[in-house]
Amino acid sequence: MSRVSTTKTDHPYIERKKSVCGGRPVIRGTRFPVSSIVWNHKLGYAIEEMLREFPQLTPAQVYAALSYYYDHQRDIEEEIRQAHDLESWIKKYPPTLKVKHGHRAVLS
């Protein structure tokens with residue numbers, strides 16, 4: 001049986017696992033990043049709106065994600081910045097398919 005490395009946090013609904021979302025903080029038992037909650041919050045979505053959009057989450061989980069953010073604001077802000085920087089994203093998570101020189105994929 002393999003052991004998954006989980007980093008405990010001081011927030012009971014938040015965890016970090018190397019094997020889940022690259023070790024980013026997520027809502028415990030999900031692959032839902034804290035940064036996604038924060039991003040939606042910054043876009044002006046109310047907690048109630050997020051809960052309608054993501055019915056698998058509970059109010060406690062959403063508030064815990066925001067609480068975690070305020071305790072780790074610098075790290076989460078950097079994660080959001082990198083997530084919206086395509087060049088950094090591609091370096092960190094390179095595409096698995098290579099495009100042949102001179103050929104483009106056609107989407108129908």
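Leaving aside its neighbours within four places in sequence, L57 touches I27, F32, I37, L51 and V62 in this predicted model, where contact means that heavy atoms lie within 4.5 Å of one another. Residues are numbered from 1 along each chain as its sequence is written, and side-chain values use heavy atoms, with hydrogens and water left out. Because the model is predicted, local features need pLDDT of at least 70 and side-chain atom pairs count only at pLDDT 80 or more, whereas totals for chains, interfaces and linings use all residues.

L57 also belongs to the largest nonpolar core, which has 19 residues and in which I14, V34, I37, V38, L57, V62 and I76 have the most contacts. Such a core is a set of buried Ala, Val, Leu, Ile, Met, Phe, Trp, Tyr and Cys residues joined through side-chain atoms within 4.5 Å; buried means under 20% relative accessible area, exposed over 50%, and partly exposed in between, with a 1.4 Å probe and protein chains only. At least two core residues are supplied by each of α1 (34-42), α2 (47-53), α3 (59-71) and α4 (73-83), and α3 gives the largest share, six residues. In soluble globular proteins, nonpolar side chains tend to be buried together.

The chain as a whole has five helices and three strands, which run β-β-β-α-α-α-α-α from the N terminus on; helices (H or I, at least four residues) and strands (E, at least two) are DSSP runs, numbered from the N terminus. Of the 108 residues in the chain, 31% are buried. Among contacts with a separation of 6 or more, 42% are between residues 24 or more positions apart.

Two of the helices, α3 and α4, have axes that come within 5 Å and cross at roughly 105°, the axes being lines fitted to C-alpha atoms over the stretch in contact, with angles that run from 0 to 180 degrees between N-to-C directions. The helices α3 and α4 are therefore roughly perpendicular to each other, a description that applies to angles of 65 to 115 degrees, while those under 35 count as roughly parallel, those over 145 as roughly antiparallel and the rest as oblique. On the α3 side the contact is made by Y68, Y69, Y70 and D71, and on the α4 side by Q73, I76 and E77.

The structure also holds five salt bridges, each being a side-chain nitrogen of Lys or Arg within 4 Å of a carboxyl oxygen of Asp or Glu. In one of them the side chains of R28 and E15 meet at 3.0 Å, N to O; since R28 lies in the loop between β3 (26-27) and α1, and E15 in strand β2 (residues 14-17), the pair ties together parts that are 13 residues apart in sequence. R28 is partly exposed, with a relative accessible area of 36%, whereas E15 is buried, at 6%.

A salt bridge also joins E79 and R24, whose closest N and O atoms are 3.1 Å apart, and this pair links distant parts of the chain, with E79 in helix α4 and R24 in the loop between β2 and β3, 55 residues apart. E79 counts as buried at 13% relative accessibility, and R24 counts as buried at 17%. Between K42 and E77 the closest N and O atoms of the salt bridge are 2.9 Å apart, and here helix α1, which holds K42, is linked to helix α4, which holds E77, across 35 residues. K42 is partly exposed at 45% relative accessibility, and E77 is partly exposed at 27%. Finally, salt bridges that share partners join E78, R81 and D85 into one network.
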